[in-house]
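Reader: I would like to learn how to read a fold from its details. Can we work through one example together?

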Amino acid sequence: MKKILFVICATMLTFAAEAKNSELKIEYDQIPEKAQQFVSEFYKDVPVKKVSQKFDDGIAQYVVYLKDKTVIEFDMVGAWNYVQSPKKKVAVITTFIPAKVKDTLLKRFADKIVYKIATDGFWYEASFSDGSNVKINANGDAAE
């Protein structure tokens, strides 16, 4: 009896671990409205290819894959976590980041291509096509 109980528990833990790290395909209208507004405002001319939901430590996140291969991740309330362009040599649009952050990128890193921009709500991390990164706060100050 103990062996059967152990096997059942081990199987349940395996399924739970797999579900935690997997992405579930969902419909576009199942993502938060804030995320839908972001996509329709900044990527209105690019069709949505696929939408998925994943869980990170039990917290829902949504990933939108566009036809041009841009990837956008949103948190559980629809705030964007990161936007990644389809290729390292293609710049991601930056119209949605705060003006001071954008100004710093344009002035101090004008010779670099930003292919991914991520945020935790306080810092903005730009990943450049040459493999380097920079963190910039909302005031436009870059962490060296």
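Reader: Is Phe 96 buried or exposed?

Author: A note before the reply: this is a predicted model. Buried means under 20% relative accessible area. Phe 96 has 12%, so Phe 96 is buried.

Reader: How many aromatic pairs does the structure hold?

Author: It holds eight aromatic pairs. Take Phe 38 and Phe 96. Their ring centres are 4.9 Å apart and their planes meet at 65°. Planes over 60 degrees apart count as edge-to-face, so this pair is edge-to-face.

Reader: Which parts of the chain does the pair of Phe 38 and Phe 96 tie together?

Author: Phe 38 lies in helix H2, residues 33–42. Phe 96 lies in the loop between strand E5 (80–84) and helix H3 (99–108). The pair therefore ties together parts that are 58 residues apart in sequence. Both Phe 38 and Phe 96 are buried.

Reader: What kind of pair do Phe 42 and Phe 96 form?

Author: Phe 42 and Phe 96 are edge-to-face, with 5.6 Å centre to centre and 65° between the planes. Here too, distant parts of the chain are linked: Phe 42 in helix H2 and Phe 96 in the loop between E5 and H3, 54 residues apart. Phe 42 counts as partly exposed, at 24% relative accessibility.

Reader: Which residues do ring pairs link into a cluster?

Author: The cluster holds Phe 38, Phe 42, Phe 74, Trp 80, Phe 96 and Tyr 124.

Reader: Now the strands. How many residues of strand E3 are buried?

Author: Six of the eight residues in E3 (residues 59–66) are buried, so the strand is largely enclosed by the rest of the structure.

Reader: Which strands pair with E3?

Author: Read the bridges. Strand E2 (residues 48–56) pairs with E3 in the antiparallel sense, over eight bridges. Strand E4 (residues 71–74) also runs antiparallel to E3, joined by four bridges.

Reader: What is the bridge partner of Lys 50 in E3?

Author: Tyr 65 is that partner. Now check the side chains. The charged end of Lys 50 sits over the ring of Tyr 65, 4.9 Å from its centre. Lys 116 and Tyr 82 give another case: the charged end of Lys 116 sits over the Tyr 82 ring, 4.4 Å from the centre.

Reader: What should I look for in the backbone of the turns?

Author: Most residues other than glycine have a negative phi. Asp 57 has a positive one, near 55°. The hairpin of E2 and E3 has two residues between its strands, and Asp 57 is in that loop. Asp 57 is exposed, with a relative accessible area of 59%.

Reader: What is the phi of Lys 69?

Author: Lys 69 has a positive phi of about 80°, although it is not a glycine. It lies in the turn of the E3 and E4 hairpin, which has four residues between the strands. Lys 69 is exposed too, at 60% relative accessible area.

Notes. Residues are numbered from 1 along each chain as its sequence is written. This is a predicted model: local features need pLDDT of at least 70, side-chain atom pairs count only at pLDDT 80 or more; totals for chains, interfaces and linings use all residues. Side-chain values use heavy atoms; hydrogens and water are left out. Rings of Phe, Tyr and Trp (its six-membered ring) pair if their centres lie within 6.5 Å; planes under 30 degrees apart count as stacked, over 60 as edge-to-face and the rest as tilted. Buried means under 20% relative accessible area, exposed over 50%, partly exposed in between (1.4 Å probe, protein chains only). A charge sits over a ring if NZ of Lys or CZ of Arg is within 6 Å of the ring centre and within 35 degrees of the ring normal. Two strands pair if DSSP finds at least two bridges between them.
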